[in-house]
Amino acid sequence: MSADAKPTLYPRTPVYAIIGNPNCGKSTLFNALTGLKQKVGNYPGVTVEKKQGTTYSQHGQPLAVIDLPGTYSLAARSPDEAVTRDVLLGRRADTPTPDRIICLVDATNLERNLYLVHQVLDLGRPVILVLNMMDLAAAAGVNIRVARLEKELGIPVIPCEAVNGKGILQLKLAMSRPDLPLSRHAWDVPPAIAAAVAELQASLAANDGKPPLSARAEALLLLTDQDSVRVAGSTPLSARTAEILQAWQKRWEAEGMDWAGALVNSRYEAIGRLAAEVVQPGVMAGPTVSDRIDAVVTHPIWGWLVLVAVMTLLFVSIFTLAEYPMDWIGVQVAALAGWVRGVMPPGDLRDLITDGAIEGVGTIITFLPQILILFFFIGLLENTGYMARAAFIMDRLMSRVGLNGKSFIPLLSSYACAIPGIMATRTIEDPKDRLTTILVAPLMSCSARLPVYLLMIAALVPGDRVPLATKVGLMLLMYALGTGGAFGFAWLFKRTLLKGAPPLMIMELPPYRLPGLKDVAMHMVERAGLFLKRAGTIILGISIVLWFLSTFPRAPAGATSIQQVEYSIAGRAGHAIEPLIKPIGFDWRIGIGLISSFAAREVFVSSTAVVFSVENFDANHEHADIAPLRVALRNARWPDGRPLFTPLVCLSLMIYYVFAMQCMSTIAVVRRETNTWRWPIFQTAYMTGAAWILSFIVYQGGTALGF
Amino acid sequence: MSFQTIAALAIVALAVTGLIWRSVAKSAKPGCGGGCGCPSSEIKAKLKVVK
Amino acid sequence: MPAEIKLSDLPVGASAVVRGYPKVGSAFLRLREMGLLPGTTVTLVRAAPMGDPLEIKVRGYHLTLRKSEADHVVVEANPSP
């Protein structure tokens, strides 16, 4: 369907795209419109998230909505901005060209936000302008004459506060209109550039098959793009058009003309004139609330304290708030296993269900409350705007190590999972910086390690009541070790293998906002769903396979349960690596856990549960309950009778997990992002090597000191 | 072999097939497909760093 | 004659008007797209705890950039009030 068709009743569902600056509340708006009717996926060929949803018009007609990645301009500088541009220009075969565009604008800084709108209006498609954060604008004393703006632009302008749901109804009404006016958008291209625009437009229409208005818009874009980012899945320019573009660029460079800047200037001139008509800046009533908060948060001393306090609060919450739900889940899991054992006759299938499936998955699910709290906090920090300040404070440190603040975000994401962190490195232009960040990202303790740390901490301290301070302290220690390791290795790499210049850093600091609790909650629910899905599928599958590997082949009749496990495939594998891990205090059963962690780190917990439960079970054959894993670990012994899980061993194990490269999925992603096997292999080697050496030092050193 | 053993082995075979199929499908599709529970895009969007 | 100085030399709290970008490059194009054009007023809000990067206020919002980047932005300090 041609994008330049006159607005008429659409025979099919119109496709809307939401576009806007980052931090303008786009996801809040998208959530408000689509609720739970959204689907998150991927644009084929690019690691950019595709968000689509459905909202309903006032007549109940479904309207498709695409949430495009936030951008400041259609002149793309990164893959996700490239995707936004490509989808709007209809250059992606996998996504329909949006029929209508919703431009979301932050009312508190109208001019900058209007720059993108100005570019979008060039496209000649129906646009609805949504002014978000009107409450914050009012608080800042900014008064926008909405009616005037509507008149000047000729398109519907809807003030709203997406967080409170205000204005959503009016937006839906506007979206339901069968006709939307096209904007009265004309502006003067500087004469020096006009000729180039005309020529490019003609070529785009003739050789790329673009409709006239789209062609003009794209021509203007090409002339603002100094190094255009192209991504997989987007149709490239025709050879003739590219030729014309290059010819003009060469000519201007020879003349010393700032061709890209000229267009930017023109647009802002037009925007400035518009803003003068439409915005009545109120009296600036001294420093805003945001400014006052920032005075503390970015203070040389207080700022650091705040950061440490925030991290500590996070970990304390993880331990205290989650306790009751965790215990409850544990009881339910044990009860379920007991029930199954009661109703089924003894046999392999029953064992598979209780010792494999329920044991494996159940143990992982007990960690759900803690992971939820972690994601809740991260969501809260993002939502309020604190994260940007953290990056601001950290930048100097990062550049000491040779990275820039941009690496902080991928590294911070890696606290949840290294995979998206590694993918987020695509925003880093410098290849050496990018590679360094990728190489150290897995050292940031990801959430999958959390169950391992928690299990070890529980097993480590004698007695049932572990002092909270100890738990929190140990957690912080592990995270600090991981973070320290990441920085340390980054420094090392940047000095040796990957020497290069420190890169640029330009970033917006959004004003502080009250967290949108509904959004954070939705986010958390989404994460919980994903976690459970992962548990239900991958981890279930692995637990079943692990059970099989630790049960078969069966030892000859009359063997003890310990001999049975040893006879099995898993046992043999564990024994095979035991010589390697004995010096760091691990035995073959832990070895099984280490190997199975390659599938996913948290599987260590499941596999340990399976291996020890398989063992203990035989000893308590008629027992209705499964002994809690912690007790099982405490009772575990070396062949000579020494306890296996001494506090020192637990510590050594935790340290091993901080540093070792295990997750297969991460290795696969690194392979894909670096296009070679060399780096993932190197990464696995250096990380696992470091893990072993440090565990060795801790274990042997500790033993020598008499622990 | 008892019924239970056969059933158990069948399930194991199913699990293995499922896991292999997942890892093959994953390598074809870019990104984690959301399976790792990542908040990355949110962080990225909020912390848009300008190049 | 109002002095033309580098943005990085602007004292904290002071305002200035952007005059030019001696060095051309794509990063600076993005700065311009974000509103930091010749003729725009910019205020230096603060420096980060360790001295770098800088936080500036332009067109009503806050932006951070490193001293090394601010070095390439030429501004003319407003006469002191």
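Colleague: What do domain 1 of chain A and domain 2 of chain A bury between them?

Modeller: About 3,000 Å², with 55% of it on carbon and sulfur atoms. Buried area is the accessible area (1.4 Å probe) that two parts lose on being put together, summed over both. This is a predicted model: local features need pLDDT of at least 70, side-chain atom pairs count only at pLDDT 80 or more, and totals for chains, interfaces and linings use all residues. Side-chain values use heavy atoms, with hydrogens and water left out.

Colleague: Where do the domain bounds come from?

Modeller: From an automatic or database domain assignment. For chain A it gives domain 1 (15-175), domain 2 (191-280) and domain 3 (519-704).

Colleague: Why is the pair A:Asp122 and A:Arg267 called a salt bridge?

Modeller: The rule wants a side-chain nitrogen of Lys or Arg within 4 Å of a carboxyl oxygen of Asp or Glu. The side chains of A:Asp122 and A:Arg267 meet at 2.9 Å, N to O, so the pair qualifies. Across this interface of domain 1 and domain 2 of chain A, the rule finds three salt bridges.

Colleague: Which helix gives the most to the side of domain 1 that touches domain 2?

Modeller: H3(A), with seven residues. Helices are DSSP runs (H or I, at least four residues), numbered from the N terminus.

Notes: Residues are numbered from 1 along each chain as its sequence is written. Chains are lettered from A and ligands numbered from 1 in the order in which they are written. Helices (H or I, at least four residues) and strands (E, at least two) are DSSP runs, numbered from the N terminus.
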